[in-house]
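Please find below a colleague's note on how the two chains meet.

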Amino acid sequence: MSVATRDRAAHERRRHRSHREPLIAAEPGKLRTVKARELAMRFVFGAAVSIVAGLVSISFGDRAGGMFLAFPGILPATLTLIEKKESTTASVHGVSGAVAGGVGLAAFAVVVTVTAGRMSAAAVLGLALAAWVVVSFAGYGLWQGARRLAIRSRRHEPTLPPGHAADVRTTGSGV
Amino acid sequence: MANDLVMLAAKAVNGGLFVTAFALVGEMLKPKRFSGVFAAAPSVALANLLVVMLMKGHRPAHDNGQGMIVGGLAMALACLAGVVLIRRYRSLRGSILVCGVWLAVAVGLGTVVLP
């Protein structure tokens with residue numbers, strides 16, 4: 001087997017391992033590895049984004065301020081921590097999951113727009129949060145399902161061994 | 001003015017607490033793609049809207065919601081760009097660029113769509 005073929009095979013094996021990971025899982029034990037400094041950083045970023053959104057509301061109105069409630073200000077802290085603890089690839093996976101979360105944010109906002117003024121604050125926010133959960137989890141599930149199907153179908157494509165008839169045809173050699 | 005400052009302080013503390021809580025939930029989830037969903041959790045929105053509804057009423061929250069629809073869509077698009085940006089520039093620079101993409105998309109879309 002050539003070096004290129006061996007490298008390709010190793011890459012495919014790594015990719016196929018990822019489709020055997022559970023779609024959703026929890027490891028409560030990981031909370032023990034969280035450092036106080038990391039929590040403090042998250043608190044500060046959360047407070048900062050809230051202040052920015054509040055200032056935008058005061059200066060430019062509530063609709064403009066509302067946009068900033070979905071500002072990805074916490075992403076740099078989250079992703080740099082992931083990269084530090086794991087790898088850049090893990091960080092890329094993290095941001096790809098955030099795409100589904102972003103769509104969920106739009107669904108959250110639609111529910112707030114429709115229900116605000118018609119029910120209590122707790123009901124509005126509870127329903128909105130439920131909408132975020134449903135939409136973002138469904139989006140994540142659909143995307144992961146499609147990705148795994150694509151990996152499985154690529155895995156079952158027939159691969160031509162060296163010296164196959166096609167190679168022989170190409171080279172014109174019949175021997 | 002004093003009322004605005006009190007509200008800002010309440011939003012800041014609440015925002016910090018909610019973001020920390022959601023971050024803890026995200027920490028214990030796997031795989032990384034799934035825990036990444038929680039990087040776009042409505043933690044700041046929940047914290048801020050709660051303060052707004054309790055202190056100012058539901059009308060401002062309704063308007064916040066309208067703006068947030070645009071912000072949420074911009075977040076999804078920016079994170080999609082982030083898959084390429086972070087692979088190319090790594091997490092710190094890549095995620096700052098993601099924020100830049102968000103600003104461009106949100107402000108552009110918001111100018112067109114929001115009354």
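1. Five is the number to begin with: the rule finds 5 salt bridges across the interface of chain A and chain B, a salt bridge being a side-chain nitrogen of Lys or Arg within 4 Å of a carboxyl oxygen of Asp or Glu. In one of them, the side chain of Lys85(A) meets that of Glu27(B) at 3.6 Å, N to O.

2. The model is predicted: local features need pLDDT of at least 70, side-chain atom pairs count only at pLDDT 80 or more, and totals for chains, interfaces and linings use all residues. Residues are numbered from 1 along each chain as its sequence is written, chains are lettered from A and ligands numbered from 1 in the order in which they are written, and side-chain values use heavy atoms, with hydrogens and water left out.

3. In contact (heavy atoms within 4.5 Å) are 81 residues of chain A and 73 residues of chain B. The area buried between the two chains is about 6,900 Å², with 75% from carbon and sulfur atoms; buried area is the accessible area (1.4 Å probe) that two parts lose on being put together, summed over both. Arg63(A), Met67(A) and Leu69(A) supply 11% of what chain A buries against chain B, more than any other three residues.

4. Strand E1(A) is joined by 2 bridges to strand E1 of chain B (residues 29-30), and the two run antiparallel. Strands are DSSP runs of E, at least two residues, numbered from the N terminus, and two strands pair if DSSP finds at least two bridges between them. Ala25(A) has Lys30(B) as its bridge partner.

Methods. Helix = DSSP H or I, 4+ residues; strand = E, 2+ residues; numbered from the N terminus.
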